[in-house]
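Me: I've got a structure on screen and a few things to ask about it. Can we go through it piece by piece?

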Amino acid sequence: TTKIPDMETAWNCMMGILGSDTKLVSPLTKKSKVDQYRMLPSKVKDCIISCAVIPKGAWNQPCGKCDKCMEFKQYVTDRL
């Protein structure tokens, strides 16, 4: 399989295969997940689900062990 590095490249590759000249232009395609997270207002950050375990632990805290917790940790909290 071929790994595509980002959303913009994937979109442009798909449009090339389909024969369209439409290019994806989004400022978010140029930003890392942590930069996108930093841009969010506090109210939105509080709504982000960073754990796949339901119900959550005490005080509604993420488990810190599931795949979703590990991904959020890798791309966001470890880089803050």
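Me: Is Cys 51 buried or exposed?
Reply: Quick ground rules: this is a predicted model, where local features need pLDDT of at least 70, side-chain atom pairs count only at pLDDT 80 or more, and totals for chains, interfaces and linings use all residues. Residues are numbered from 1 along each chain as its sequence is written, and side-chain values use heavy atoms, with hydrogens and water left out. Buried means under 20% relative accessible area, exposed over 50%, and partly exposed in between (1.4 Å probe, protein chains only). Cys 51 has a relative accessible area of 3%, so the label is buried.

Me: How many disulfides does a search of the whole structure find?
Reply: A disulfide is a covalent bond between the sulfur atoms of two cysteines, and here the test is a pair of cysteine sulfur atoms within 2.5 Å. For Cys 51, the closest cysteine sulfur sits in Cys 69 at 3.6 Å, so that's too far for a bond. Cys 66 also has its closest cysteine sulfur in Cys 69, at 3.6 Å, again too far. The count for the whole structure is 0.

Me: And what is the relative accessibility of Cys 66?
Reply: Cys 66 counts as buried. Its value is 15%.

Me: What pattern does the protein follow along the sequence?
Reply: Helices (H or I, at least four residues) and strands (E, at least two) are DSSP runs, numbered from the N terminus. The protein has 4 helices and 0 strands. Reading along the sequence, you get α-α-α-α.

Me: Which residues does Ser 50 touch, leaving out those up to four places away in sequence?
Reply: Ser 50 sits in the loop between α3 (42-45) and α4 (67-75). It counts as buried, at 14% relative accessibility. With contact meaning heavy atoms within 4.5 Å, the partners of Ser 50 are Pro 62, Lys 68, Cys 69 and Phe 72.

Me: Where does Ile 17 lie, and is it buried or exposed?
Reply: Look at helix α1, residues 7-18, for Ile 17. Its relative accessible area is 69%, so Ile 17 is exposed.

Me: What percentage of the residues of the protein count as buried?
Reply: The protein has 80 residues. Its accessible surface (Shrake-Rupley method, 1.4 Å probe; for residues, only the protein chains shown count as cover) comes to about 6700 Å², with 58% belonging to carbon and sulfur atoms. The buried share of the residues is 14%.
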